[in-house]
Amino acid sequence: MSVKKVRLLRVLGNIVICVTVGALLFLTVNVGDVNVSAQGKQPIYSGKSTTEVSLMVNVYWGTEYIEPMLEVFDRYGAKTTFFVGGQWVASNPDMLKKIYDAGHEIGNHGYYHKDHKKLDAAYNEKEIQSAHDAVKDVLGIDMDLFAPPSGAFGEVTLSVAEKLGYRSVMWTRDTIDWRDHDSSLIYKRAVKDLKGGNLILMHPTECTLKALDDILQAVADAGLKCAPVGKVIADTV
């Protein structure tokens with residue numbers, strides 16, 4: 001073999017080694033990033049209960065459907081959690097009292113329905129604390145569950161919520177009732193493959209109200225009970 005060919009092979013070999021090492025370093029850094037992210041703060045997506053589910057209701061609008069929803073819940077002896085926006089509370093203190101007096105849990109849904117992922121620590125704190133204060137002014141209670149509006153959150157959101165004494169809650173399944181005004185579709189999304197520990201997100205809409213009776217019947221038929229989020233996630237870290 002000629003000297004030129006030997007040199008060429010050495011050069012090609014060095015290139016292959018450099019590319020391989022670079023690729024390994026890239027993978028190591030990115031896998032490390034994923035691991036760090038996975039080990040960071042996370043909200044709760046479901047509970048460990050095997051006998052209960054929760055139909056968590058996020059409220060900023062749809063006030064006219066809340067009272068008839070309460071009547072349906074009452075018929076089934078079902079309790080749940082209403083995550084309320086501070087701005088809504090300020091305009092509807094009497095309805096908040098009706099929800100609470102009916103035995104339902106009250107959770108924090110921020111004050112102005114902001115995208116909390118885009119907010120800095122100070123603004124996150126202002127949104128969560130302002131909603132907390134609004135509810136406490138009406139009911140005299142301290143909430144401890146926070147559902148980020150639109151499911152938008154970041155590490156800062158979760159850290160601030162924790163500092164304020166809150167556990168952050170997302171959902172196991174979403175009825176998407178705010179977008180799809182179809183009671184049969186809302187029903188299917190709520191109960192398909194239903195199991196204990198599920199947190200089922202819904203809102204006070206006309207179609208949700210129409211589906212609610214069937215949803216609660218499906219919960220009962222599955223041998224499950226509808227309970228507040230705090231109870232369903234009681235044993236969840």
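Residues are numbered from 1 along each chain as its sequence is written. In this predicted model, local features need pLDDT of at least 70 and side-chain atom pairs count only at pLDDT 80 or more, while totals for chains, interfaces and linings use all residues, and side-chain values use heavy atoms, with hydrogens and water left out.

**Overall fold**

The protein chain contains nine helices and eight strands; these are DSSP runs numbered from the N terminus, with helices (H or I) of at least four residues and strands (E) of at least two. Of the 237 residues in the chain, 45% are buried. Here buried means under 20% relative accessible area, exposed means over 50%, and partly exposed lies in between (1.4 Å probe, protein chains only). The chain exposes about 12,600 Å², of which carbon and sulfur atoms supply 55%; accessible areas come from the Shrake-Rupley method with a 1.4 Å probe, and for residues only the protein chains shown count as cover. Among contacts (heavy atoms within 4.5 Å) between residues at least 6 apart in sequence, 77% join residues at least 24 apart.

**Nonpolar cores**

In soluble globular proteins, nonpolar side chains tend to be buried together. A nonpolar core is taken as a set of buried Ala, Val, Leu, Ile, Met, Phe, Trp, Tyr and Cys residues joined through side-chain atoms within 4.5 Å. The largest such core has 45 residues, and those with the most contacts inside it include Leu55, Phe73 and Trp88. Helix α8 gives the most to this core, with seven residues. Leu55 touches, among others beyond four places away in sequence, Phe73, Ile200, Met202, Leu212 and Cys226. A second, separate core of twelve residues includes Leu145, Ala227, Val232 and Ile233.

**Salt bridges**

Side chains of opposite charge can pair when their charged atoms come close. The structure holds nine salt bridges, each defined as a side-chain nitrogen of Lys or Arg within 4 Å of a carboxyl oxygen of Asp or Glu.

Glu52 counts as buried because its relative accessibility is 10%, whereas Lys231 is exposed at 52%. Asp213 is partly exposed at 25% relative accessibility, and Arg75 is exposed at 55%. Glu206 and Lys210 both lie in helix α8, four residues apart, about one turn of the helix. Glu206 is partly exposed at 42%, and Lys210 is exposed at 54%. Salt bridges that share partners also join Arg179, Asp180 and Arg189 into one network.

**Thr208 in helix α8**

Thr208 lies in helix α8, which spans residues 206–221. Its relative accessibility is 0%, and therefore Thr208 counts as buried. A polar atom of the Thr208 side chain lies 3.3 Å from the backbone oxygen of His203. Leaving aside residues up to four places away in sequence, Thr208 touches Met69, Asp177, Ile186, Met202 and His203.

Terms used:
A polar contact is a pair of N or O atoms within 3.5 Å; within protein, one must be able to donate a hydrogen and the other to accept it, and residues adjacent in sequence count only if both atoms are side-chain atoms.
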